[in-house]
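Thanks for passing this one along. Here are a few notes to read beside the coordinates.

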Amino acid sequence: MFSGHNRNSLRWTWRICAAGIAALAITASSAHADEIKTLSVIDDRGVAVAVPAPPKRIASVSYFAADIALALGIKPVASTYMVQGRNPDFLADYLKDVKEIGQRATPNLELLAEAKPDVTIAIRRYTEGNADQIANVAPYLAYNLELYADSDRTISQLAAILGQAKRGQELNARFKAAMEEFSAKAPKDRHPRFVVMWGGDTPWVFRSENMTAAILVALGGDNIAGQNPTPYLPDNWGMEMSLETMLEKDPEIIFVYDYGPDRPHENNPIWQQLSAVKNGRVHYVGDHWVETHGPIAREIVLREAAHLLYPETFPAVDVKAEARKLIPASVE
């Protein structure tokens, strides 16, 4: 499937629906005819959470839950943002009139309560410090979203929670087919060196198991950060890399997560010596590159990544137009 230089080095896990649904159990809260059913959901903390079956009002801490809700035709009632005042293009303006509840790492609990969600869905690492307070507002599910293998698993589970298990399977099958199609079309004789990074005095770079980096590797890119050398240790999916080290590895293409105008790495004279900088192949990429696990984000990243790696083979991408193809008209 992913033949060629370093494609076989990455372990691909296509878990369509079964793993997610296995974590769900429907229980009745009452014996009356108007009983409210709940789902008992085990999230990535290993906590069993009782969620209305199915929940209608979704609050998203990070964009992931908003992404999957919109892909299923459900408009969330609240969402955090990544950069204040910046609406994510990959969700095609559907969040413009959705209640903002703060930055994803510091959600405002009062605003969350005002939204009256049935369930709050979050990236685990951003909410561990205030998990109890979030759970006091509404049932709260936390997921580990970093590795490629996390995407299908969480989409399957959340689609089932939202009453659309079959649609979750379809979304995963669609992405698998798209990955195979784009990988097959990518040039087999070229493997551009790349790096995916957060900017800073010392950049933080992502290993090949990271969701975004994994898509680039599947397309034939050669990640200078490599794979996790200690896969038995959790959360070792990225590392600091000095610009001196980056210059030694000299990536041909650099993808920088765009977190606003503060770009201290550009002030280091070594930055200007990198081939990617000299050749104009530094790309400040959007929010969907940061949170790539959702069904909308990952499809658009795949298309953009293919173009940016091989601009002569794949066309440029209109992010909002692609997003609208993936979001059912019923959301309106």
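1. A polar contact here is a pair of N or O atoms within 3.5 Å; within protein, one must be able to donate a hydrogen and the other to accept it, and residues adjacent in sequence count only if both atoms are side-chain atoms. By that rule, the side chains of Arg-303 and Glu-299 make a polar contact at 2.9 Å.

2. A word on the basis: this is a predicted model, where local features need pLDDT of at least 70, side-chain atom pairs count only at pLDDT 80 or more, and totals for chains, interfaces and linings use all residues. Residues are numbered from 1 along each chain as its sequence is written, and side-chain values use heavy atoms, with hydrogens and water left out.

3. On confidence, pLDDT (the predictor's confidence in each residue, from 0 to 100) averages 89 for the protein chain, and 89% of the residues score at least 70. Please treat residues 1–22 with care: their pLDDT is below 50, although the stretch has 60 contacts (heavy atoms within 4.5 Å) beyond near neighbours in sequence. Residues 26–34 are also below 50, with nine such contacts.

4. Back to Arg-303, which sits in helix α12, residues 295–309 (helices are DSSP runs of H or I, at least four residues, numbered from the N terminus). Not counting residues up to four places away in sequence, Arg-303 touches Ala-178, Phe-182, Val-317 and Glu-322.

Conventions
Helices (H or I, at least four residues) and strands (E, at least two) are DSSP runs, numbered from the N terminus.
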